[in-house]
Amino acid sequence: MLRTLSRSAAAGLALFTPVTAFAQEAVEAAPAVANPGNNAWMMTATILVLLMILPGLALFYGGLTRSKNMLSTMTQIGGAACLAMLIWVMWGYSTAFGPEGNAFVSWGNLFLSQVTTDSTAATFSDEVISEYVFVSFQMTFAAITAALVLGATVERLKFSAAMLFTAIWLTIVYFPIAHMVWAGGGLLFEMGALDFAGGTVVHINAGVSALVLALFLGKRQGYPAEPMPPHSLTLTLVGAGLLWVGWFGFNAGSELEADGTAGLAMINTFVATAAGALAWMLMERFAGHKGSALGFASGVIAGLVAVTPAAGNSGPFGAIVLGIVASVIAYYAVAKLKPKLGYDDALDVFGIHGVAGIVGAIGTGIVYSPALGGPGDAAEYAMGAQVTTQIIAVVVAIAWATIGTLVATLATKLVTGLRVTPEIESDGLDIGEHGERAYN
């Protein structure tokens, strides 16, 4: 009897086997569906990055300028960010993320022609998110990078020049570097360069480009003989706080999922920043000065910049060390190197973003090591080879940003000119360029 039942059961299962196989094939053939939880997190992260730009960066930069240039600075930040968003959906996303491409650029998706509500973007596992969410997230990265560059040239660059430069610079500098680092098939992506959230794409790129543009533009009237202190460190500290809050979207969001690696990026964004802030103030004390609010804010940004490429590529204690080292070196660049060389990087975009970005990008190859608490594979990780790759990525980013910025600057100068008149610079760009005052 038992044997008969067993045979009957076996026969029944055999009948259902083709159906089961067919169902499995149908599941495998079904298009991937975005995880609602990951989508919700990435939408939140995208809004957090927008918070970094407006009001975060606008207040941070605006408070550091003289009161007569407060609105000009904030308007350039906002205008550049808005222009970047429009360019991103027209040709930026296509140039950076394909679908067709080579090692340097991509193409085939102008005006988001291939993006629909059903299309998805891959994450770093078998999950996917809605492609419109990914497009929006990456759009905010392009917007804030373009805005960062302008911190070096505030108080003397025309608004029209800032806008035209932004359009050209994004096209020939930012989009190709984003493709090379983050897109499959990109030159540095295929080399294995580690850049979790934008050490090369955002900070080295913006810092180097800012220095090139500032050198080409020349110094502000009276610099460095005339004192030009920040007009409102209160607003600068408010901006720094908003930048730190928004940076969690920047760093933890770059995992593209709400998982453990995003949690690692989150804690690293806390501790590296805290270490950077205190290290900068300690450097001020060692130099014989008082620990300052401006130093605190500068250290916050230095720590954030340094941990950006390492956010998901380091353990917490590696992130702390990276924040301290980057803050110390950035302090030296701002307090010693800049006065010695005499260039007028008005808001220290190169000194903080460029220098701390270089330290963070190279240091990521060190803190990624599992021996130092990083997430690298203990059996396969070779620190020397990875650090070499990181250095190559840094050199490529510096070279591309330098040459591309020179081209964008020369083109802008031919079309609109670069600098406001001496009279407008003396009276302030708020009145001269925009016909209004920040404070009445």
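Mentor: Helix α12 (residues 349–367) and α13 approach each other with their axes within 7 Å, crossing at roughly 160°; axes are lines fitted to C-alpha atoms, for helices over the stretch in contact, and angles run from 0 to 180 degrees between N-to-C directions. The pair is therefore roughly antiparallel, the word for angles over 145 degrees. Helices here are DSSP runs (H or I, at least four residues), numbered from the N terminus.

This is a predicted model, where local features need pLDDT of at least 70, side-chain atom pairs count only at pLDDT 80 or more, and totals for chains, interfaces and linings use all residues. Residues are numbered from 1 along each chain as its sequence is written, and side-chain values use heavy atoms, with hydrogens and water left out.

Now the contact itself, meaning heavy atoms within 4.5 Å. From α12 come I358, A361, I362, T364, G365 and I366, and they meet M383, Q386, V387, Q390, I391, V394 and I398 of α13. By class, these residues are 9 nonpolar, 4 polar and no charged; Ala, Val, Leu, Ile, Met, Phe, Trp, Tyr, Cys and Pro count as nonpolar, Asp, Glu, Lys and Arg as charged, and the others, Gly among them, as polar.

Let's also follow α13 to T412, which lies in that helix (residues 383–415). T412 counts as buried because its relative accessibility is 0%, buried being under 20% relative accessible area (1.4 Å probe, protein chains only). Leaving aside residues up to four places away in sequence, T412 touches A161, L164, F165, I168, G417 and L418.

Note on methods. Helix = DSSP H or I, 4+ residues; strand = E, 2+ residues; numbered from the N terminus. Buried < 20%, exposed > 50% of the residue type's maximum accessible area, 1.4 Å probe, protein only. Parallel < 35°, antiparallel > 145°, perpendicular 65-115°, else oblique.
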